[in-house]
Amino acid sequence: IDAMVQSLVFDLMLALDKYCPETEPPDRKPLRWWTTEVAKARTEVVRTGKRQGYSEHHHQLYADARRSYKKISRDAKEQSWRNFCTEAESVADISRRVKILEGARQQKVGLLQDNDGTWAQTPEDSLLMLMRTHFPDHQPTEGHRQCEVNDWTYDWGDFGSQLTGITEYITTEKVKSALLSFGSYKAPGPDNLPPIVLKYMGEKAMDLLTTIY
C-alpha cells in the first residue's frame, strides 16, 4: 500500500509540475488598516528622516513624526479590527475570526447540527453524526463498548471484525464524490497535494486511489 501511495503522489506531482508550473505570487493585497492618513504619516517620517542629521531641530522633527506615525498606525489597526469583527454576519465569517484569534493551536472537531435540527454537545457527538451520515449502513459488533447519540449506536471496539464487505462499500464513485466535496483551494495535507488536484484526477488515478482505500 505504501508503495502504491508513493507512486500515485509521485506521478501527480510530476503532472502538476509539468502542466501547472510554479509562478510568482501576485502582489500582496493592501493591508486592511492602511489608510491615506497612515500613508501621509509614513511619508512624513521618511521626509524628516533624510534631514534629521542636520540639526537638533530636524532630529526633533523626525522623532515627533515617528511618534505620530506609530499612534496613527495603532489607532488605524484598532479601528480596522473593530470593523472586521462587527462585519461578521454568517457562521463562516464568525468561524474565520475565531481561527484568527486561536492562531495555530490544534483545532478540535466543531459542533455540528444533525438533520433533525439538534446540535452536538461535544466533539465526540459530532464524530458520531459524521459516521451516521457517511456510513449509514454501519452495524455495531456485539461485545464491544458502544456509544449512543440521538438513537443511533456506534461501536468503538475492535475495527478488525468490521472490515467484512468494506471493500465492496468503498467504490470509485464514492471516493470521487468525497473528493468533490473538498474545498478546491484548502491547505494541502502531508502529501502537499492541493485538493483541486485530487478533485480532477484522471480515471486511472481515481481507480488507484480507490484501491488504496
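The largest pocket lies between domain 2 (106-136) and domain 3 (165-212), because both domains give residues to its lining; the domain bounds come from an automatic or database domain assignment. The structure is a predicted model, in which local features need pLDDT of at least 70, side-chain atom pairs count only at pLDDT 80 or more, and totals for chains, interfaces and linings use all residues. Residues are numbered from 1 along each chain as its sequence is written, and side-chain values use heavy atoms, without hydrogens and water.

The volume of the largest pocket is about 660 Å³. A pocket is an open set of points on a 1 Å grid over the protein atoms alone, where a 1.4 Å probe fits, with protein on both sides within 12 Å along at least five of seven lines; lining residues have an atom within 4 Å of a point. Of the 14 lining residues, His134, Phe135, Lys174, Ala178 and Phe182 are the closest to the pocket centre. Helices α5 (123-134) and α7 (172-180) each supply at least two lining residues, and the largest share, five residues, comes from α7. Helices are DSSP runs (H or I, at least four residues) numbered from the N terminus.

Elsewhere, helix α2 (residues 36-49) packs against helix α3 (residues 56-86) at an angle of about 160°, with the axes 9 Å apart. Helices α2 and α3 are therefore roughly antiparallel to each other, a term applied to angles over 145 degrees.

Definitions and conventions. Points joined across faces, edges and corners; volume = space filled by probe spheres on them. Axes fitted to C-alpha atoms, helices over the stretch in contact; angles between N-to-C directions. Parallel < 35°, antiparallel > 145°, perpendicular 65-115°, else oblique.
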